[in-house]
Amino acid sequence: MRVLMLFLLLHAAPVTPVAAASLPTSESVSPETRARLLRREVAQVALAQVRAPDAAWQPAQRDCAGLIRYAYRTAYRRVASERLSTPLWKNTRGDPSDFADAETLLVRNFTALGRDTATREALRTGDVVAFRQEHDAGPVFHLMLVVRPEDRAHAPARVVYHPGEAGASVRTGVLESLATEAPLEWRPVPANAAFLGFFRFKEWMS
């Protein structure tokens, strides 16, 4: 994947670590609590990669889709490990798989929520901002992971993403700044034809 030449740190608030919590076993919590814990863990894992990538996140898997796969899988391992008895993702054929590239994550594993401002304001941790850039070699998909504090007054919603280049660092910035200050081709707004929309993991739609 080509490098995403975008710096979101303009007017970006400092990265605020998500408060750690002791994790009960998934059998002892309600579905609502389980979902909240999973989102919290996704946020913690994603933000941790900004500071330094985990050794368990293999370098060959470090791209935008790899960040999402790693954050989700780690969250499930901590909160609901029984879900990982079968692979978390579906491949291009719709079969369970440990791997799915950016396009396959969108097509097979996530549901489109919309492209408008109201949808952006309703995003939750674990949702995805998706783009498709056209290049001579073909289309390139790029995904950004949303991290939003449970208390929205505490801090703004952020995006966390890997720009795709081998050896590049994971980056983060404020979602609102992305929508208003980034070059048009990277703004998550309806006027940007490269913006595919906001997406949510299908298993989290209920």
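This report describes the sheet, the aromatic pairs and the salt bridges of the structure shown above.

## About the model

This is a predicted model, in which local features need pLDDT of at least 70 and side-chain atom pairs count only at pLDDT 80 or more, while totals for chains, interfaces and linings use all residues. Residues are numbered from 1 along each chain as its sequence is written, and side-chain values use heavy atoms, with hydrogens and water left out.

## The sheet and its helices

Helices (H or I, at least four residues) and strands (E, at least two) are taken as DSSP runs and numbered from the N terminus. Strands of a sheet pair through backbone hydrogen bonds, either parallel or antiparallel, and here two strands are said to pair if DSSP finds at least two bridges between them.

## Aromatic pairs

A pair of aromatic rings is described by the distance of the centres and the angle of the planes. Rings of Phe, Tyr and Trp (its six-membered ring) pair if their centres lie within 6.5 Å, and planes under 30 degrees apart count as stacked, over 60 as edge-to-face and the rest as tilted. The structure holds twelve aromatic pairs. One of them is formed by Tyr72 and Phe201, an edge-to-face pair with 5.2 Å centre to centre and 75° between the planes. This pair links distant parts of the chain, since Tyr72 is in helix H2 (residues 64-79) and Phe201 in strand S8 (residues 195-201), 129 residues apart. Both Tyr72 and Phe201 are buried, a word that stands for under 20% relative accessible area, with exposed meaning over 50% and partly exposed in between (1.4 Å probe, protein chains only). Tyr72 and Phe201 also belong to one aromatic cluster with Trp89, Phe110 and Trp204.

Phe131 and Trp186 form another edge-to-face pair, at 5.2 Å centre to centre and with 70° between the planes. Here Phe131 lies in strand S4 (residues 128-135) and Trp186 in the loop between helix H5 (175-181) and S8, 55 residues apart. Phe131 is buried, with a relative accessible area of 0%, and Trp186 counts as buried at 11% relative accessibility. Asn192, in the loop between H5 and S8, touches several residues, among them Phe131 and Trp186, and counts as buried at 4% relative accessibility.

## Salt bridges

Side chains of opposite charge can pair when their charged atoms come close. A salt bridge is counted when a side-chain nitrogen of Lys or Arg lies within 4 Å of a carboxyl oxygen of Asp or Glu, and by this rule the count comes to six. In one of them, the side chains of Arg83 and Glu203 meet at 2.6 Å, N to O. Arg83 lies in the loop between H2 and strand S1 (89-90) and Glu203 in the segment after S8, so the pair ties together parts that are 120 residues apart in sequence. Arg83 is buried, with a relative accessible area of 16%, whereas Glu203 is partly exposed, with a value of 38%.

Glu176 forms a salt bridge with Arg120, the closest N and O atoms being 3.3 Å apart. Because Glu176 lies in helix H5 and Arg120 in helix H4 (residues 117-121), the pair ties together parts that are 56 residues apart in sequence. Glu176 counts as partly exposed at 41% relative accessibility, while Arg120 counts as buried at 7%.

Notes. Contact means heavy atoms within 4.5 Å. Lists of a residue's contacts leave out its neighbours within four places in sequence.
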